[in-house]
Amino acid sequence: MKTRILALALCLSLLLTGCESMLHGEYLTVEPHSMLSAAEDDSSVIRVENYQELVSGILSLVSACQEQGVIQLSNYNTRDVEADLTAACLEVSHEDPLGAYAVDYIKHEFSRILTYYQATITIGYRRTLEQIRSVVPVTGSSAIRGEVQGALAQFQPEAVLRVTYFNEDEDYIRALALQAYYDTPAAAFGMPELSVAIYPDTGYQRIVEITFTYAEPVEALRLKSAQLQEAAREVAQPAVSRNFRGRLLLSALFGALLDHRATLEAAAPEESGSLVPSSWPYAALVEGAPDSEALALAFQLLCDTAGAECTVVRGTLDGQEHFWNIVTVDGSHRHVDASLGRDGFYLTDQDYQALSGAEWSAEDYPACGEKN
């Protein structure tokens, strides 16, 4: 036991001797120390060094629908900070498409902290975050019409598009929306009322906001659309199942539409004869009294279902609006008018005009040449 105690005492003596040597020697330890400012410690702070970065910083707040944000202006001694903040807020809220669309107001205040400025940006919105995120970037009339067509197909309340190279007006958008309506026969329950707004008034890019007001509650229209599409599948099924192609397919679909309409009329109660003619394809395929527009849309839907190329034509007959179709087979175009019965199938321009007396804009539709 005494031997162990002596050994322990010797070890302690050696350790103390080492510490004494370290304390009186030239031993130095260096460790890095972070000297971050409050702004650098805060990842939510946006750091900018020039005016364009300042504008982009404010826009990033708008894109995220943030009501308040902090921007640090470093190395920003060459310009008037207050003037730049005012100008940047105005540019975002009035000249940028997203700002002009979504922002109600932007306010700012700032102070100098050591070597930089710190600005607090406060933003009021007239749009929700969901609306801001739903803005769809597009380029060209085809893309605009496609997005509107998608909105109509789902009976959406609005379509908001960020359009590049856009120098058109509201009438142009209304015309594209009308084309989209006739390209979407499964949702053709009356052209909805449109409200069109464009933000800003001029610019390289602009946001187009289109709101739709439908003839009936959306859920009712969705139910009718499902019934309409099911009826179209049933009517088109015989032609599809037999793998018809080209003119033979179109002929089968045309005959099926006329036969189906005759069956509906025969099964309808007597009082149905007093129904007001409807322009909905629902009237031609499910129930109702179809006019020329309803028949043209119904044939369009059958062609869409079977994969045939077809479009709805808007013209006049005896001074009144009249509708029919133009079909395309191997690059050749022909008129099809279900309102004329079986005689209204696959006609050239000359033959169709002689038969119906209808008129249309030759610039808007392809020429239907001589018979093959």
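**Entry 1: confidence.** I started with the pLDDT, since this is a predicted model. In the chain, helix 12 (residues 292-306) comes out highest with a mean of 98, while helix 1 (residues 2-24) is lowest, at 40. Residues 1-39 have a pLDDT below 50, and beyond near neighbours in sequence I get ten contacts for this stretch in the model. Where pLDDT is low, the predicted coordinates should not be read in detail. For the chain, the average is 87, and 85% of the residues score at least 70.

**Entry 2: Ser 93.** I found Ser 93 in helix 4, which covers residues 81-95. Is Ser 93 buried or exposed? Its relative accessibility is 12%, so I put Ser 93 down as buried, because the cut-off for buried is under 20%. Next I checked the side chain of Ser 93: one of its polar atoms lies 2.9 Å from the backbone oxygen of Cys 89. The backbone oxygen of Leu 90 is 3.4 Å from a polar atom of that side chain. Skipping neighbours within four places in sequence, I listed Gly 99, Ala 100, Val 103 and Ile 106 as contacts of Ser 93.

**Entry 3: Ala 358.** I then went to Ala 358, in the segment after helix 13 (349-356). Ala 358 has 0% relative accessibility, so it counts as buried. Which residues does Ala 358 contact, leaving aside its neighbours within four places in sequence? I noted Thr 316, Leu 317, Trp 324, Tyr 352 and Gln 353. I also looked up Arg 314, which is 44 residues away from Ala 358 along the chain; their C-alpha atoms are 10.0 Å apart.

How values were computed:
Residues are numbered from 1 along each chain as its sequence is written. This is a predicted model: local features need pLDDT of at least 70, side-chain atom pairs count only at pLDDT 80 or more; totals for chains, interfaces and linings use all residues. Side-chain values use heavy atoms; hydrogens and water are left out. Helices (H or I, at least four residues) and strands (E, at least two) are DSSP runs, numbered from the N terminus. Buried means under 20% relative accessible area, exposed over 50%, partly exposed in between (1.4 Å probe, protein chains only). Contact means heavy atoms within 4.5 Å. A polar contact is a pair of N or O atoms within 3.5 Å; within protein, one must be able to donate a hydrogen and the other to accept it, and residues adjacent in sequence count only if both atoms are side-chain atoms. pLDDT is the predictor's confidence in each residue, from 0 to 100.
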